[in-house]
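Biologist: I am new to this structure and would like a guided look. Could you display it, please?

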Amino acid sequence: MSAVSDQETPSPGTGTGASYAAAGVDIEAGDRAVELMKEWVKKTQRPEVLGGLGGFAGLFDASALKRYERPLLASATDGVGTKVDLARQLGVYDTIGHDLVAMVMDDIVVCGAEPLFMTDYICVGKVHPERVAAIVKGIAEGCVLAGCALVGGETAEHPGLLGPDDFDVAGAGTGVVEADRLLGPDRIRTGDAVIAMAASGLHSNGYSLVRHVLFDRANLSLDQRIEEFGRTLGEELLEPTKIYSLDCLALTRTTQVHAYSHITGGGLAANLARVVPDGLHAIVDRGTWTPAPVFDLVGKTGAVERLELEKTLNMGVGMIAVVPEESADVALATLADRGVDAWIAGEITERGEHSTGAALVGDYAK
């Protein structure tokens, strides 16, 4: 992981000429950040990872894929969005990495793929070594939770484009699945059960709406204690995104799974519709769960209509599993054993004349 993205080496000149440092890029600070992050990256290593931190490319021994008949590589890339600004304001940098890993690796596991490795990209206005190391610490911890290795990345210093305390993060990941075990719409059948897995909070979507409602319109503060949360608003909003990767893989080992849907931007109905085949319809009953208080706060404070909330936020469901009806009890038991709060939220039916791929019905439980 390099501290700067520009690969040119600056001249050491001692005169009054321009220099990289004078332009705002601190190579020494970047080197210090790399040293600080090494211990965290090491914790993510898998046996297939070759070499150490600091190379131009991360190496992963693909010979392990020989055990597959027809290995399919799955890849995804994502970021965390405007949630990073809340981390900046609160000075908390070691949780945002969990969000990044979740957004990438939980997309990969949806098709049944095992997460293998990930790379990150951290862009900062000024390299603060301890801050960068804290961000990487969170990414590394997230990789451990997802079962993947962090094989490399880049820390880019962009003075003049970002403020000294501004930053953003992005990542890309790779997984593998046997071709005949690929999950998706082709497997879904009428009568399948729709199992919902609880979200840990807002996760990492819809923060532009959340920030607009809570701060621009209601003038709330991050350090304000909210009784319904039992903690401050900032602590609630920075709650890391739950990483479901290993839970989903465990589920595919213990019972039959037809499809997963990662509930991110677009909400539950839109994301579930992406894995429902033509001719079928997913019905999800709102009455099977109660969204956490944070969703109610956003809705009531901003007078946000329910449909607008549901197409922007996850409303308390972070992952969906579609399983045969006869497999539902085993699936719920497996998730319970792993500490995942899950329930049967709906079913797959024939698509009616005016129905879409997925819809929410009823009212939320009180």
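Biologist: Which order do the strands of the open sheet of 6 strands have?

Modeller: The order is β10-β12-β7-β13-β11-β14, and the pairing is mixed. Strands pair if DSSP finds at least two bridges between them, and strands (E, at least two residues) and helices (H or I, at least four) are DSSP runs numbered from the N terminus. Please note that this is a predicted model, in which local features need pLDDT of at least 70, side-chain atom pairs count only at pLDDT 80 or more, and totals for chains, interfaces and linings use all residues. Residues are numbered from 1 along each chain as its sequence is written, and side-chain values use heavy atoms, with hydrogens and water left out.

Biologist: How many bridges join β7 to β13?

Modeller: There are 5 bridges between β7 (residues 193-198) and β13 (residues 342-350), and the two strands run antiparallel. Valine 194 is placed opposite glycine 346 in β13.

Biologist: And which strands does α7 touch?

Modeller: Helix α7 packs on the sheet against β7, β10 and β12, with its direction at about 170 degrees to that of β10. Helix α11 also packs on the sheet, touching β7, β12 and β13, and its direction makes about 10 degrees with that of β7. Contact here means heavy atoms within 4.5 Å.

Biologist: At what angle do the axes of α7 and α11 cross?

Modeller: They cross at roughly 140 degrees and come within 10 Å. The two helices are therefore oblique to each other (angles under 35 degrees count as roughly parallel, over 145 as roughly antiparallel, 65 to 115 as roughly perpendicular and the rest as oblique).

Biologist: Which residues meet in that pair?

Modeller: Asp247, Ala250, Leu251 and Thr254 in α7 meet Val330, Ala331, Thr334 and Leu335 in α11.

Biologist: Changing topic: is serine 327 buried or exposed?

Modeller: Serine 327 counts as buried because its relative accessibility is 9% (buried means under 20% relative accessible area, exposed over 50%, partly exposed in between, with a 1.4 Å probe and protein chains only). Serine 327 sits in the loop between β12 (317-323) and α11 (328-337). Leaving aside residues up to four places away in sequence, serine 327 touches Thr255 and Gln256.

Notes: Axes are lines fitted to C-alpha atoms, for helices over the stretch in contact, and angles run from 0 to 180 degrees between N-to-C directions.
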